[in-house]
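Me: Can you walk me through this one? I have the file open and would like a quick tour.

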Amino acid sequence: ELVGHIIGKAGANVKHLQSLATDDGDVSLSVCAHPGLGRTMANYQVLTVTGGVDGQKAVQEAVHERITSVVNAQHLVLPNPLKATTEETVTLFVPDGMVGALIGKGGSVLRDIVTRTHARVNIESRDESGESEERQVTVIGTADVVEMAQNVISSALPQEGRYLKAVISIPTDAIRHLIGKQGANISDLMSRTYTTIHVDEPEGDNANVVIEGTVMNNLNAQRSIRDLVEKFCHV
């Protein structure tokens with residue numbers, strides 16, 4: 001139901017997105033169903049963006065802003081297409097002074113986020129956070145649900161709060177693939193996604209990866225790391 005807002009009347013919005021091309025190369029877009037998504041995601045369409053890196057980044061940010069704007073304006077409830085798949089946990093760090101905006105009066109904003117995205121969201125209490133200037137917001141759900149929730153959470157925060165610090169957990173076996181020889185892989189990932197990433201010391205079979213950047217860039221980095229884990233660790 002969001003595809004029409006991306007395309008626009010007579011393709012007007014697509015033309016605008018294509019106009020965001022930079023000297024790095026022309027940007028082209030296509031929107032279509034993807035058979036690989038299967039029946040559980042039959043209502044989804046794939047937006048393919050090709051062209052220069054800077055142009056792609058500009059288009060991704062514009063599409064993200066458009067979707068967020070429509071979802072919030074129409075109070076849409078986003079579907080939960082992957083109920084049967086493995087759940088993930090992402091921990092966000094939100095400045096203490098902005099947590100009130102995320103909770104809302106009587107918990108209204110938080111309830112709306114949970115209803116619309118189907119994620120489970122837990123906000124650390126002040127007692128739990130101690131003297132920290134940040135509160136942990138834990139988001140649990142399938143990969144798509146967690147990503148949706150992060151988008152909606154970001155839109156609920158003041159503009160200055162939309163620079164996310166997120167923590168995801170990966171198997172220790174994936175660390176060497178993420179970092180690469182002499183740090184080549186992680187340096188390339190940070191350069192491509194405009195984020196800052198570091199890997200904490202492993203605890204048992206897993207290690208935390210801390211990602212900092214704007215919500216769109218942060219989510220792009222999370223996707224890349226998730227794809228890497230699936231490729232090398234067969235999870």
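Me: Which strands pair over nine bridges?
Reply: Strand 6 (residues 163-171) and strand 8 (residues 206-214), and the sense is antiparallel. Pairing takes at least two DSSP bridges between two strands. Strands (E, at least two residues) and helices (H or I, at least four) are DSSP runs, numbered from the N terminus.

Me: Before we go on, where does the model come from?
Reply: It's a predicted model: local features need pLDDT of at least 70, side-chain atom pairs count only at pLDDT 80 or more, and totals for chains, interfaces and linings use all residues. Residues are numbered from 1 along each chain as its sequence is written, and side-chain values use heavy atoms, with hydrogens and water left out.

Me: Back to strand 8, what's the bridge partner of Pro 171 there?
Reply: Asn 206.

Me: What's the strand order in the open sheet?
Reply: 4-5-3-6-8-7, six strands with antiparallel pairing. Strand 4 (120-123) and strand 7 (196-199) each have a single partner strand, so one side of each has no neighbour in the sheet.

Me: Switching topic, how many helices and strands in the protein chain?
Reply: Ten helices and eight strands.

Me: And what share of the residues is buried?
Reply: 40% of the 235 residues in the protein chain, with buried meaning under 20% relative accessible area (1.4 Å probe, protein chains only).

Note on methods. Buried means under 20% relative accessible area, exposed over 50%, partly exposed in between (1.4 Å probe, protein chains only).
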